[in-house]
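Student: I would like to go through this model and ask what lies behind the terms used for it. Can we start with the surface and then move to the residues?

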Amino acid sequence: VLRARLERAEAELALAEGNLSRTRLTAPLRGVVVRGDLSQSLGAPVQRGEALLTLAPREQYRLIVEVDERDVADVRAGQTGRLALTSLPSEPLPMVVERVTPVATVRDGRNVFEVEGTPQAEAVVLRAGMRGVARIEVGESTLGAIWFERAQHAWRRLSWQLLG
């Protein structure tokens with residue numbers, strides 16, 4: 001019985017070593033690690049399909065702009081804008097809206113939609129994880145029309161809350 005247990009343990013060890021020898025981690029792109037530190041998880045078990053690292057490409061950047069639910073109706077693919085980074089506020093980067101995500105998420109107690117854009121200038125200064133403020137050009141309107149529209153939306157929300 002002990003010999004059978006020993007042979008079983010040796011077979012399991014050989015299987016594990018064989019799987020380990022065939023293990024190869026490759027990234028689908030050349031980039032920079034933006035999340036994950038394998039040195040902190042040495043010896044820890046991992047599950048199949050679990051993300052170990054998050055990579056960001058070095059040359060291709062994707063800008064994610066959080067647009068409030070009140071303003072997202074005016075945003076369309078193809079519109080242009082400017083991105084002012086927190087680290088370089090005096091040098092805005094031109095950008096173009098690629099797509100508007102049709103699902104809202106809650107951030108800081110308000111509903112926002114993610115708008116994806118791409119930089120239009122040589123983005124040498126961009127790095128993964130940078131933050132800033134984006135302005136998207138959606139057209140012209142008078143200040144009174146903007147205030148009236150905001151008040152109208154607030155009235156609708158309030159009436160829905162009160163009247164159910």
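Tutor: This is a predicted model. The accessible surface of the protein chain comes to about 13500 Å², and carbon and sulfur atoms hold 54% of that area.

Student: What makes up the fold of the protein chain?

Tutor: The protein chain has two helices and seven strands. In sequence order the pattern is α-β-β-β-β-β-β-β-α.

Student: How does the radius of gyration of the protein chain stand against that of a compact globule?

Tutor: For 164 residues, a compact globule would have a radius of gyration near 15 Å. The C-alpha trace spans about 85 × 50 × 25 Å along its principal axes. Of the 164 residues, 16% count as buried.

Student: What share of the contacts comes from residues 24 or more positions apart?

Tutor: Such pairs account for 58% of the contacts with a separation of 6 or more.

Student: Why is Asp-68 called buried?

Tutor: The cut-off for buried is under 20% relative accessible area. Asp-68 has 13% relative accessibility, so Asp-68 counts as buried. Asp-68 is found in strand 3. Leaving aside neighbours within four places in sequence, Asp-68 is in contact with Arg-110, Asn-111 and Val-112.

Student: How do you know that Arg-70 and Asp-68 form a salt bridge?

Tutor: The limit is 4 Å between a side-chain nitrogen of Lys or Arg and a carboxyl oxygen of Asp or Glu. In Arg-70 and Asp-68 the closest N and O atoms are 3.0 Å apart, so the pair qualifies. The backbone nitrogen of Arg-70 also lies 3.0 Å from a polar atom of the Asp-68 side chain. Side chains of opposite charge can pair when their charged atoms come close.

Student: Which other residue forms a salt bridge with Asp-68, and what does the pair tie together?

Tutor: Arg-110 does, with the closest N and O atoms 3.4 Å apart.

Student: Why is Arg-110 called partly exposed?

Tutor: Partly exposed covers values between the 20% limit for buried and the 50% limit for exposed. Arg-110 has 36% relative accessibility, so Arg-110 falls in that range. Arg-70 is also partly exposed, with a relative accessible area of 36%.

Student: What makes Glu-137 and Arg-82 a salt bridge?

Tutor: Their side chains meet at 3.5 Å, N to O, which is within 4 Å, so the pair counts. Glu-137 lies in the loop between strand 7 (132-136) and helix 2 (143-163), and Arg-82 in strand 4 (residues 80-85), so the pair ties together parts that are 55 residues apart in sequence. Glu-137, at 46% relative accessibility, counts as partly exposed, as does Arg-82 at 42%. Salt bridges that share partners also join Arg-62, Arg-99 and Glu-116 into one network. The structure holds nine salt bridges.

Student: How do you know that Leu-29 can belong to a nonpolar patch on the surface?

Tutor: Patch residues need over 30% relative accessible area. Leu-29 has 37% relative accessibility and counts as partly exposed, so Leu-29 passes that cut-off. Leu-29 lies in the loop between helix 1 (2-22) and strand 1 (31-35). Other members of the patch include Leu-25, Val-33 and Leu-55, and together the patch residues have about 640 Å² of accessible area.

Note on methods
Residues numbered from 1 in each chain as written. Predicted model: local features only at pLDDT ≥ 70, side-chain atom pairs only at ≥ 80, totals over all residues. Heavy atoms only, no water. Patch = residues over 30% accessible without salt bridge, like charges linked within 9 Å, V, L, I, M, F, W, Y side chains within 5 Å. Areas by Shrake-Rupley, 256 points an atom, 1.4 Å probe, with all protein chains shown as cover. Helix = DSSP H or I, 4+ residues; strand = E, 2+ residues; numbered from the N terminus. Buried < 20%, exposed > 50% of the residue type's maximum accessible area, 1.4 Å probe, protein only. Polar contact = N/O pair within 3.5 Å; in protein donor to acceptor, adjacent residues only side chain to side chain. Contact = heavy atoms within 4.5 Å. Rg over C-alpha atoms; globule rule 2.2 N^0.38 Å.
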